[in-house]
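Subject: Structure for you to look at

Dear colleague,

I am handing over a structure that I would like you to open and read alongside this message. Please keep it in view while you go through my notes, which are set out after it.

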Amino acid sequence: MSGVDLRGLIAGAGDEHERWARTINPQFVRVLRTIGFDRTWASADGAHLTDADGNRYLDMLGGFGMYNVGRNNPRIRTALIEALELDTPGMLAMGVTALPGLLAEALIERTPPRLERVLFTSTGTEAVEAALKLGRAATKRTRVLSLDHGFHGLTLGSLSANGNDEFTSRFQPLLPGFERVRLGDLDALERELRREDVAVFLVEPIQGKGVHLPPAGYLEAAQELCRRYGTLFCVDEVQTGFGRTGTLFAFEHWGLEPDLVPVAKSLSGGYVPVGGLLMSRAVHEAVFDSMENALAHGSTFAPNELAMAAGLATLHELDEQRLVERSAMLGARLLERTRPLVDEFEVVREVRGLGLMWAIEFGEPEHSGRRTWRMIERMQPGLFAQLVVVPLFSEHRILTQVAGHNMAVLKVLPPLMLGDDDLDEFVEALATTVARAQRMPSSLTKFALTAAGLR
Ligand SMILES: Cc1ncc(COP(=O)(O)O)c(C=O)c1O
């Protein structure tokens with residue numbers, strides 16, 4: 001019996017950028033071509049990618065943070081193959097199997113006692129949607145508060161909680177009852193919560209767009225206010241979970257005990273879609289309150305067996321390889337090694353991060369390079385960061401990203417199994433690249449002009 005010949009199909013695929021542009025998204029391919037990211041990728045392992053010409057690239061972007069255990073992790077792969085070979089019954093729809101319960105138990109064991117139930121999804125945004133829906137039903141309230149610049153996914157409910165105009169403005173009207181407060185402004189938060197009609201307060205423990213850490217005491221006080229006024233406290237760990245910030249979940253840094261915790265991304269080791277909402281028993285029982293309501297929320301593919309197998313393997317891998325501790329250690333070293341850049345280069349305003357969620361922010365220099373900075377920023381706010389991201393990739397073969405629209409912030413979310421020498425390589429390449437970008441050679445200015453015409 002012959003199946004599809006994937007190897008042959010890939011080998012004979014020809015120009016994949018052309019096909020992608022024709023069939024999936026021409027504007028995305030245009031972006032890749034403009035910034036020179038249009039490589040043909042051949043393989044990946046751990047924190048490295050290899051292109052068709054055999055060049056190796058250091059992956060400091062980690063698929064937007066879904067490769068905490070490294071790309072193509074062989075132990076996750078083995079677990080997936082084993083799950084396939086076991087011919088498990090798959091999703092029964094009207095029945096249950098072992099793996100979802102085992103993963104739910106493993107997650108609950110690793111979180112504070114308040115979190116007792118898991119509702120699996122296939123993505124992060126679905127886990128957030130579940131938090132919003134269940135939170136509304138459980139509290140019998142309708143309003144949802146989130147933070148300016150917050151990001152929780154791009155489906156309509158999550159988007160309604162999004163605090164960035166670039167994502168929301170073209171998709172109005174969004175869901176009613178959603179409002180935002182400023183990160184750090186406890187008075188504004190209390191003013192809203194005091195009305196006792198807010199179902200859920202939704203926050204990222206560290207904001208992904210721009211990598212903004214909460215001011216000291218903010219999250220603890222926010223949780224306390226939520227408890228006082230009967231609002232569910234939802235900490236979105238989709239990006240920060242599973243060791244990213246140096247603890248298994250970022251909320252551990254502040255000793256928080258949220259009522260709702262959406263997770264996703266790296267739980268499956270990056271192999272298959274996975275997501276979940278960890279929640280208190282009270283929330284769960286308020287919604288799933290009778291046999292009639294036993295299936296009040298869910299979706300066909302969640303929980304799927306492969307995601308569950310990968311999830312169990314990923315938690316095991318994080319423990320076995322001590323990757324959470326490694327993230328904390330490497331993160332501290334990354335900060336220590338990059339903080340001097342603030343004094344060394346006028347154009348570097350700040351470096352910040354926790355664990356291996358790290359960013360460098362650029363700002364207008366006082367003296368040298370000031371005029372060019374202004375010219376570049378007039379073309380497109382935040383464009384300077386692209387002047388670092390692009391040569392890091394093209395000259396040093398290091399993959400990074402700009403941390404969001406209109407911001408001069410470069411961000412990294414590397415696999416947690418990153419080597420010490422990989423980290424050193426990144427820091428050295430970064431310093432060289434920033435030095436050059438600050439001087440703004442004409443080739444870079446030319447690139448900036450092209451890039452500014454992207455949109
Ligand atoms: C904090 C946060 N929440 C939710 C999401 C959405 O997850 P997904 O892309 O799996 O829908 C993301 C994605 O980047 C995220 O960073």
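Helix α16, which covers residues 370-379, packs against α17 at an angle of about 100°, and the axes of the two helices are 8 Å apart. Please bear in mind, here and in everything that follows, that this is a predicted model. Angles of 65 to 115 degrees count as roughly perpendicular, and α16 and α17 are therefore described as roughly perpendicular to each other. On the α16 side the contact is made by Trp373, Ile376, Glu377 and Met379, while α17 contributes Leu383, Phe384 and Leu387. Sorted by class, the residues of this contact are six nonpolar and one charged, with no polar residue.

Helix α17 (residues 383-394) also packs against helix α18 (residues 420-439), and here the axes come within 9 Å and cross at roughly 130°. These two helices are therefore oblique to each other, and the crossing of α17 and α18 is right-handed. If you want to find the contact in the model, look in α17 for Phe384, Leu387, Val388, Pro391 and Leu392, which meet Phe426, Ala429, Leu430, Thr433, Val434, Ala437 and Gln438 in α18. The residues of this contact divide into ten nonpolar and two polar, and no charged residue is among them.

A further helix pair is formed by α2 (residues 16-23) and α3 (residues 26-34), whose axes come within 7 Å and cross at roughly 145°. From α2 the contact takes His17, Glu18, Trp20 and Ala21, and from α3 it takes Pro26, Phe28, Val29, Leu32 and Arg33. In this contact six residues are nonpolar, one is polar and two are charged.

By class, the lining of the second largest pocket holds 16 nonpolar, nine polar and three charged residues.

Pro303 is found in the loop between α12 (281-287) and α13 (305-320). The peptide bond from Gln172 to Pro173 is cis as well, with omega near -5°, and Pro173 is found in the loop between α9 (165-168) and β6 (178-181).

Which residue other than glycine has a positive phi, near 55°? That residue is Glu196, and you can find Glu196 in the loop between α10 (186-193) and β7 (198-203).

Key:
Residues are numbered from 1 along each chain as its sequence is written. This is a predicted model: local features need pLDDT of at least 70, side-chain atom pairs count only at pLDDT 80 or more; totals for chains, interfaces and linings use all residues. Side-chain values use heavy atoms; hydrogens and water are left out. Ala, Val, Leu, Ile, Met, Phe, Trp, Tyr, Cys and Pro count as nonpolar, Asp, Glu, Lys and Arg as charged, and the others, Gly among them, as polar. Axes are lines fitted to C-alpha atoms, for helices over the stretch in contact, and angles run from 0 to 180 degrees between N-to-C directions. Helices (H or I, at least four residues) and strands (E, at least two) are DSSP runs, numbered from the N terminus. Angles under 35 degrees count as roughly parallel, over 145 as roughly antiparallel, 65 to 115 as roughly perpendicular and the rest as oblique. A crossing is left-handed if the near helix is turned anticlockwise from the far one by less than a right angle, and right-handed if clockwise. Contact means heavy atoms within 4.5 Å.
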